[in-house]
Amino acid sequence: PSDPCPGAPGGLFAWLRGRCLGRGAAVDPARDTFGAMTGLYGAIQPADSVSLSTRTHGAVFNLEYSPDGSVLTVACEQTEVLLFDPISSKHIKTLSEAHEDCVNNIRFLDNRLFATCSDDTTIALWDLRKLNTKVCTLHGHTSWVKNIEYDTNTRLLVTSGFDGNVIIWDTNRCTEDGCPHKKFFHTRFLMRMRLTPDCSKMLISTSSGYLLILHDLDLNKSLEVGSYPILRARRTTSSSDITSSGSSGPRAVGSPCHQNNSGPLSEKTLSRPSQREGGSPRNSLEVLTPEVPGERDRGNCITSLQLHPKGWATLLRCSSNTDDQEWTCVYEFQEGAPVRPVSPRCSLRLTHCIEEANVGRGYIKELCFSPDGRMISSPHGFGIRLLGFDSQCSELVDCLPREASPLREIRSLYSHNDVVLTTKFSPTHCQIASGCLSGRVSLYQPKF
């Protein structure tokens, strides 16, 4: 770039930030590597998949690689956790009684420690160096625990469940009896909870179609009902639905029954001035109803929630209340002042979407971004689809459309004999894993 001096508009630091985000004139040299990786992904053939299975362990609900890509863990319906070497495709170990009910989610804290959560309402911590016993078991939820996140800066574990609670666990003071914990947030019909990569925001999806965003996140401060400012709402919602301390959504196989018992916010709440502009308070709550194609007149359930690895966007899998339609949608984060100050402004904008195969009704399909954020792997019937923002697998910031555009199908991979429920990219190798309802795990990788 010409003369990126500190005195120029924006200054040197603004130019450097733009370069890192991919928004400036300079091109990040690492993009060449990303382009090569996406080219390899596009060359993957279904025949190159490897079937990983031991004995009957039920449906595969979640897949998770260790940060260094050396271990692939599998959360199974029948209380088991399977561990594989994804490079050699060999089975390492089976934790046959990891929990007393379905294992729903796995999260690595580092290359050796990982956490699992279950319908038995507990979270377990494990050490890869000593898998014969748990490090500890965490008790605090009163219903199925479905999601685990980890803040590497504060070493706080964050979990959510169908009891509607988001609970914070202090792993800095972990003992054999557990970890100190506190309830951070509560909302009815909670489905999934995620932290942005920099842990500045928490996103929570619900079975009633709402997406809650806590801005300027402070995990050390518990949120009681009514203790946080409501920023703005794209559609008016019932405060009792969002912050009630009552029961959570009803129990069902794979997914709670879709409900939408919403009503308007009180005039007092809506008239509260926004404090976000010019110095917002911590943990400011924003309530959104994300736009879903074809679902404007019908309720929908946000079943899966993922975040772009660079924090640019969120990825949702949405299904209609009647389960006759499913969509994969990408929403860009919009920061700054509202476009029209006279009306409420949404922090998310729909940029890309695609309709999904309507199979395996009632089960949640977990999708994911590739490590570079250029591709999406989405369960599609008895296989997976690799989706891009354009046919060249460009980065999102380089191909943002004015209006919502369809995601481009790069390749479809089918190697299962049952409905695929989850898929995951390896963080370090050109490899994709998928798991299905009948318990089979498949690995896809280029063949040289």
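Modeller: Two strands are said to pair if DSSP finds at least two bridges between them. The model is predicted, and its strand β10 pairs with β11 in a hairpin that has four residues between the strands.

Colleague: How do you know that β10 and β11 pair, and in which sense?

Modeller: At least two bridges are required, and β10 and strand β11 (residues 156–161) have six, in the antiparallel sense. Within the pair, V158 of β11 stands opposite E149. In the hairpin, R155 takes a positive phi near 60°.

Colleague: What makes strand β10 largely enclosed?

Modeller: A residue is buried under 20% relative accessible area. Seven of the seven residues of β10 (residues 145–151) are buried, so the strand is largely enclosed by the rest of the structure.

Colleague: Where does UniProt place the feature "repeat: WD"?

Modeller: The unreviewed UniProt entry gives residues 96–129 and 138–170. Residues 96–129 are 53% strand and 0% helix, with end C-alpha atoms 17 Å apart. Residues 138–170 are 64% strand and 0% helix, and there the end C-alpha atoms are 11 Å apart.

Colleague: Why are β19 and β26 called edge strands?

Modeller: The open sheet of five strands has the order β19-β20-β21-β22-β26, with mixed pairing. Strands β19 (300–307) and β26 (405–406) each pair on one side only, and are thus its edge strands.

Colleague: How many bridges join β21 to β22?

Modeller: Eight bridges join β21 (residues 326–333) to β22 (residues 348–356), and the two strands run antiparallel. The bridge partner of W327 is E355 in β22.

Terms used. Residues are numbered from 1 along each chain as its sequence is written. This is a predicted model: local features need pLDDT of at least 70, side-chain atom pairs count only at pLDDT 80 or more; totals for chains, interfaces and linings use all residues. Side-chain values use heavy atoms; hydrogens and water are left out. UniProt positions are given in the numbering used here, feature names are shortened, and annotations may be inferred rather than shown by experiment. Buried means under 20% relative accessible area, exposed over 50%, partly exposed in between (1.4 Å probe, protein chains only).
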